[in-house]
Amino acid sequence: MNLFDIIEEQLPKAGKVVIIGHIQPDGDCIGSSFGLYHLIRDNYNVEATVVNQPISRFSFLGTWNAPGTVDYSDAFAIQVDNSTRERSADPGFMASRAVLKIDHHIVVDSYGMWNVEEQLSSCCQIIAHHAVEKGLKISQQAAQALYMGMVTDTGRFAYSGVDSETLRIASILLSTGFDMPQLISRLNRRSTNLLEYTIYCYKNLCFSQKGVIWLYVKQDVIDRYSLTPDMVSCALETMRDVEGHPIFVLFADLNGRIRVEFRSDRIRIVEAAVKFGGGGHECACGARLDSPDQIPLVVAELEKYL
Ligand SMILES: [Mn+2]
């Protein structure tokens, strides 16, 4: 079923349409939100509300509302790029009269009344694909937002998961004529504190005997460089592509717990994330720890996959 058939049917019944992403939103999450926002506005003349935490990096796409500010009782909620209800930027969305889930992660929680769960390279690719199939009008603004999610979730079309279909959809988005070089230069721009943090990362990487690279970013480092959670994640790029070390993992303090991000070069590691209460994709996943004492356990667990 085309996801816009569901949307089309629900729009007249809804008091409001709310689009919500996951906590610590990334480019795919915000791109999916605004891509969908513009598609719904341009094709159905309905103004949806986007909800998430503020992220200045992506604010050029539009404005959105803070979590906790929406009354969901009469809402048609569309949750994008979010695998579990707990990871929603606004868990209150479950009180909505109707919930549509659109996601590309490994399925662990089909919390929607409808669940569009396709394991493509990005959530934006799912939305763009359905829009193309449905023959919807795709404006430059919609295309730019969806293209942003596609490039950010695929490392600029470089990770596994990218196939000819990904590029076909990207090509259709590009043909709308939005300013792609300007978008990419915006996404690539780095602040000087991020540059200094990157130098810190290179100097502090830890290498396990068997080929796991890891780094633990403590709160004092986060404060020193004024890092947001998505800036902290840039450390992963300093660990990628190191010879003989196909698995890399980032630990970072976050609200009294430790956020863990697992990555690998084509080695299935999602079971390690699941073992520590998390989930995600086969080679890119995450979890949370209660104490730094668990870090050696995670590294030891990952060594089993080599
Ligand atoms: Mn995504």
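Which residues in α3 meet which residues in α4? I started there. The model is a predicted one.

**Helix pair**

I listed the contacts first. From α3 come C123, C124, Q125, I127 and A128. On the α4 side I found L146, G149 and M150. Sorted by class, this contact has six nonpolar and two polar residues, and no charged ones.

Next I took the geometry. Helix α3 spans residues 123-134 and helix α4 spans residues 140-153. Their axes come within 7 Å and cross at roughly 140°. Angles over 145 degrees would count as roughly antiparallel, so I logged α3 and α4 as oblique to each other. I noted the crossing of α3 and α4 as left-handed.

**Domains**

I then looked up the domain assignment. It gives domain 1 as 3-187 and domain 2 as 192-303. Over C-alpha atoms, I have 26 Å between the two domain centres. Each domain puts eight residues into the contact. On the side of domain 1 that touches domain 2, I noted three nonpolar, four polar and one charged residues.

**Sheet**

I turned to an open sheet of six strands. Its order reads β6-β7-β8-β9-β11-β10, and the pairing is mixed.

Strand β8 (residues 247-254) and strand β9 (residues 257-264) are antiparallel, with eight bridges. I looked up V249 and found F262 in β9 as its bridge partner.

Last entry: helix α12 (residues 295-303). I found α12 lying across β7 (212-217), β8 and β9. Helix α12 runs at about 160° to β7.

Key
Residues numbered from 1 in each chain as written. Predicted model: local features only at pLDDT ≥ 70, side-chain atom pairs only at ≥ 80, totals over all residues. Domains from an automatic or database assignment. Contact = placed C-beta atoms within 7 Å. Nonpolar A, V, L, I, M, F, W, Y, C, P; charged D, E, K, R; others polar. Axes fitted to C-alpha atoms, helices over the stretch in contact; angles between N-to-C directions. Helix = DSSP H or I, 4+ residues; strand = E, 2+ residues; numbered from the N terminus. Parallel < 35°, antiparallel > 145°, perpendicular 65-115°, else oblique. Left-handed = near helix turned anticlockwise from the far one by under 90°. Pairing = 2+ DSSP bridges.
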